[in-house]
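This report examines selected features of one protein model. Please keep the sequence and the structure in view while reading.

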Amino acid sequence: MRRGACLLAAGLLMVSGCGLTSGSPMADAVRPGAVGAGEPLKGAHLTVTSKEFTEQLILGALMGIAFQAAGADVLDRTGIQGSIGAREAVKGGSADAMYEYTGTAWITYQGNSHPIPDPEQQWQAVRDADLRNGLTWLPPARLNNTYALAMNQATFKKYGTRTLSQVAALAEKDPGAVTLCVESEFANRADGLPGLEKAYGMSVPARNVTQMDTGIIYTQVATGKCTYGEVFTTDGRIRSMNLAVMADDRKFFPNYNAAPVINTRILQKWPALASVIEPVTKKLDNTVAQTLNAKVDVDGQDPHQVALDWMKQEGLVK
């Protein structure tokens, strides 16, 4: 699972095991646009980090570019393997900031088993709990990288389901019609298929569930080998393959809204960090994320360049 943590013996952070490196300076020739007017971070030396998957690499680049436009010297420490490594870097002060997901913090880091359905309340609960850890959560984006079930357009025209409740009804009416392609973790997690079936009163026979790697799921669904596939709602392949995503009408899946997380000490020293990153966060939603992710995962572009091009296109930097 992309949000899963790097498992660490005895709960200790093993820096080399989670991919933490010294990083390299960001050297983008950017000037303030909607971000960074007056260069309020001039004189600051900041380190940004991220996890290793595409969306996180883009988010880390967006943050670093914004800080540069505001006058900071920025060290790029993006691409840390797993969730815990990047979080511990910010928590411990070897990095200053990252974009993190509310659901990951609430469930993986803070040990809660039940998500909070309202995204704003979920963010508030995460923010309040992490203050004691020396981390400050800034307001979240609409970008919500959560689970979903999706189908190709031909299958959508055949069955016409738009919500998970309708998928459950189809499974009851025609059990053979609902076949699923899912990750092995999703097939066994309480916030995956077992919980989904319970929440929607749905029963899918084991013979109708095929477990496979994430990337294969998209191609299997696109070619109709599975009626529905487990997807991530901000994945660029949803748009490039023109998949129809089922609405989670009972709000079962956790909210995974991306939000800037700043080491509290560095935020106290440089309070302008909040206002600098705010315009970027406000523009981030699932459509933007799918578009940017696709440029990397489908078109093969560099994540940092994708981030820089979008920042210029949106007038955030010059």
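## The disulfide

Cys-181 and Cys-226 are joined by a disulfide, with an S to S distance of 1.5 Å; a disulfide here is a pair of cysteine sulfur atoms within 2.5 Å. The link connects distant parts of the chain, 45 residues apart: Cys-181 belongs to strand S7 (residues 180-182), whereas Cys-226 lies in the loop between helix H9 (214-222) and strand S9 (228-232). By this rule, the count comes to one disulfide. In general, a disulfide is a covalent bond between the sulfur atoms of two cysteines. Helices (H or I, at least four residues) and strands (E, at least two) are DSSP runs, numbered from the N terminus.

The model is predicted: local features need pLDDT of at least 70 and side-chain atom pairs count only at pLDDT 80 or more, while totals for chains, interfaces and linings use all residues. Residues are numbered from 1 along each chain as its sequence is written, and side-chain values use heavy atoms, with hydrogens and water left out.

Are the two cysteines buried or exposed? Cys-181 is buried, at a relative accessible area of 0%, and Cys-226 also counts as buried, at 5%. Buried means under 20% relative accessible area, exposed means over 50%, and partly exposed lies in between (1.4 Å probe, protein chains only).

Five strands form an open sheet of mixed pairing, in the order S8-S7-S9-S6-S10. Two strands pair if DSSP finds at least two bridges between them. Strand S8 (209-211) and strand S10 (244-245) are the edge strands, each pairing on one side only. S7 and S8 run parallel and are joined by three bridges; within S8, Thr-210 is the bridge partner of Cys-181. Helix H9 packs on this sheet, touching strand S6 (147-151), S7 and S9, and its direction makes about 135° with that of S9. Such angles run from 0 to 180 degrees between N-to-C directions, and the axes are lines fitted to C-alpha atoms, for helices over the stretch in contact.

## A β-α-β unit

Strand S2 (residues 45-51) is largely enclosed by the rest of the structure, because six of its seven residues are buried. S2 runs parallel to strand S3 (residues 73-80), and six bridges join the two.

Together with helix H1 (residues 54-69), S2 and S3 make a right-handed β-α-β unit. Right-handed means that, with the strands pointing away from the viewer, the path from the first strand over the helix to the second runs clockwise.

## Nonpolar cores

A nonpolar core is a set of buried Ala, Val, Leu, Ile, Met, Phe, Trp, Tyr and Cys residues joined through side-chain atoms within 4.5 Å. The largest core has 67 residues, of which Leu-41, Phe-67 and Val-280 touch the most other members. H1 gives the largest share of this core, nine residues. A second, separate core has 38 residues, among them Ala-168, Val-178, Leu-243 and Ala-244.

Beyond its neighbours within four places in sequence, Leu-41 is in contact with residues including Leu-46, Phe-67, Trp-270 and Val-276; contact means heavy atoms within 4.5 Å.

## Helix H2 and a glycine

In helix H2 (residues 83-92), the buried residues include Ser-83, Gly-85, Arg-87 and Val-90. Just after H2, Gly-93 takes a positive phi of about 95°.
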